[in-house]
Amino acid sequence: MEARAFVKDLMASAGLAVREDAVGNIFGRWEGSDPSLGSVLTGSHCDAIPLAGMYDGTLGVIGAVEALAALRRAVRRSTRGTAAAGRAARPRARGPCSRPAAADCRRPQGFKPKRSLEVMMFTSEEPTRFKLSCIGSRAMAGALSAETLDAKRDENGTTFLQAANAAGYGGSSHQAVLDAARTAPGVVDYFVELHIEQGPTLEAEGVDIGVVTAIAAPAALEVTFSGDGGHAGAQLMPLRNDAGLAGAELALAVEAHTLATGAEDTVGTTGKFEVSPNAVNSVPREARLAIDVRDVDGARRDGVVSAILASASTIAAARRVRVASALINQDPPAACDGDVQDAIAASAAELGLSAKRMVSRAYHDSLFMARIAPTGMIFIPCAHGYSHRPDEFASEADIRAGVGVLGLTMARLSGGEWGPARDEL
């Protein structure tokens with residue numbers, strides 16, 4: 001709750017009108033000159049997984065607030081005659097990407113948007129509490145059912161509705177919450193998300209900005225093997241039906257089926273492997289695996305999922321164990337809009353930054369926002385590609401560059417005016 005209050009205070013301090021919806025998404029709005037048009041929306045999340053870093057999601061919330069605040073107070077500098085580019089140019093970042101740039105302007109006349117500009121913080125992007133990712137964006141896109149939320153509980157048995165109502169939003173039922181949070185057609189014209197890459201490509205290639213072309217989507221499944229267990233000393237090897245060994249064999253099959261596609265965009269992970277009774281002197285009688293398969297090609301990903309499930313049945317028969325499986329979610333991948341990609345690339349070029357078109361192999365709220373409006377993503381490098389770990393890091397220079405590109409991209413998509421001092425410093 002303290003983090004939510006902090007974000008709302010940031011939005012208010014930037015001159016934005018703040019509101020929350022029924023599912024817990026927080027919005028800050030700068031009203032444009034033409035209320036008949038949909039908004040240009042940006043945002044990300046601030047929740048995290050255990051032992052995570054500080055930049056995943058938070059960059060796209062706090063950085064987005066700064067981008068809008070900078071547009072309000074700064075004019076763009078002309079880049080004509082500037083030979084510097086890329087990383088060498090970053091300490092002299094131009095445009096509405098930093099407080100120093102704004103402070104240097106002799107006649108500060110901010111941007112005047114035509115389409116309203118909005119920044120938001122999505123609720124529950126990570127599946128940490130309710131074991132369901134992207135609750136806020138799913139609700140906005142109409143991609144979440146009340147029945148799904150009804151079945152979810154946290155580790156204390158609390159429902160999402162109980163948690164939402166305790167936090168000051170929510171409603172009378174999960175259906176009422178979802179109805180209220182659904183985004184009506186025409187309300188949002190464009191969506192752009194700023195994010196760390198969560199991979200090594202930009203840093204390794206020395207590129208400043210990633211222009212995302214497509215977003216991979218995961219299929220999540222759970223597989224449970226059940227055997228009969230027994231005493232580790234007394235039960236003879238030929239008589240065992242070891243659920244743990246069946247699980248281990250399936251984990252290796254996940255890797256094999258993923259690699260068999262020959263596609264670098266296909267990834268498979270056995271991220272959770274629980275054995276019971278989990279005692280050194282007991283033959284495992286149950287193994288529970290949580291498996292994640294991702295790809296930008298939905299058909300290829302689903303082929304891997306089918307192969308994994310077929311292997312689970314084959315392994316169960318060979319090891320004389322019982323098997324049960326459940327497909328938790330199987331969301332389709334999303335393509336990023338070409339016009340939004342071009343706006344991002346043009347904004348990077350204007351700031352003298354290098355850019356690369358690339359796919360996102362991680363899951364983001366943008367995946368569901370693409371069902372609402374033309375969507376794009378801006379990546380900045382993160383050190384060594386590390387993410388979802390405490391040493392996740394993005395440099396101040398990279399953050400400055402990303403915020404600048406986001407601000408100019410939103411200005412382009414808004415179609416507003418810069419005023420007479422636009423090119424003056």
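1. Contact, as used in this note, means heavy atoms within 4.5 Å. By that criterion, and leaving aside its neighbours within four places in sequence, E249 is in contact with I315 and R319. The structure is a predicted model, in which local features need pLDDT of at least 70 and side-chain atom pairs count only at pLDDT 80 or more, while totals for chains, interfaces and linings use all residues. Residues are numbered from 1 along each chain as its sequence is written, and side-chain values use heavy atoms, with hydrogens and water left out.

2. E249 has its place in helix α10, residues 243–259; helices (H or I, at least four residues) and strands (E, at least two) are DSSP runs, numbered from the N terminus. E249 is partly exposed, with a relative accessible area of 34%, where buried means under 20% relative accessible area, exposed over 50%, and partly exposed in between (1.4 Å probe, protein chains only). Although E249 and A312 are 63 residues apart in sequence, their C-alpha atoms are 8.8 Å apart in space.

3. Helix α11 spans residues 298–319, 22 residues in total, and reaches 32 Å from its first C-alpha to its last, close to the 32 Å expected at 1.5 Å a residue; the expected span is 1.5 Å times one less than the number of residues in the helix. The buried residues of α11 are G298, R301, V304, V305, I308, S311, A312, I315 and A316. They cover an arc of only 145° around the axis, which puts them on the same side of α11, the arc being that of the directions from the helix axis to the C-beta atoms.

4. What covers these buried residues of α11 includes β7 (217–226), α10, β11 (286–295) and β12 (322–330). The face of α11 turned away from the buried side carries the exposed residues A299, T314, A317 and A318. At the start of α11, a side-chain oxygen of D297 reaches to within 3.1 Å of the backbone nitrogen of A299, and just after α11, R320 takes a positive phi of about 55°.

5. The structure holds 23 salt bridges, a salt bridge being a side-chain nitrogen of Lys or Arg within 4 Å of a carboxyl oxygen of Asp or Glu. One of them joins K8 and E20, whose closest N and O atoms are 3.1 Å apart. Because K8 lies in helix α1 (residues 2–13) and E20 in strand β1 (residues 17–20), the pair ties together parts that are 12 residues apart in sequence. K8 is partly exposed, with a relative accessible area of 24%, and E20 is also partly exposed, at 33%.

6. The side chains of E264 and R361 meet in a salt bridge at 3.4 Å, N to O. E264 lies in the loop between α10 and β9 (267–276) and R361 in the loop between β14 (355–360) and α13 (366–369), so the pair ties together parts that are 97 residues apart in sequence. E264 is exposed, with a relative accessible area of 64%, whereas R361 is partly exposed, at 32%.

7. R412 forms a salt bridge with E350, the closest N and O atoms being 3.0 Å apart. Since R412 belongs to helix α14 (residues 396–414) and E350 to helix α12 (residues 338–350), this pair ties together parts that are 62 residues apart in sequence. R412 is partly exposed, with a relative accessible area of 35%, whereas E350 is buried, at 16%. Elsewhere, K272, E274, E286 and R288 are linked in a network of salt bridges.

Conventions: A polar contact is a pair of N or O atoms within 3.5 Å; within protein, one must be able to donate a hydrogen and the other to accept it, and residues adjacent in sequence count only if both atoms are side-chain atoms.
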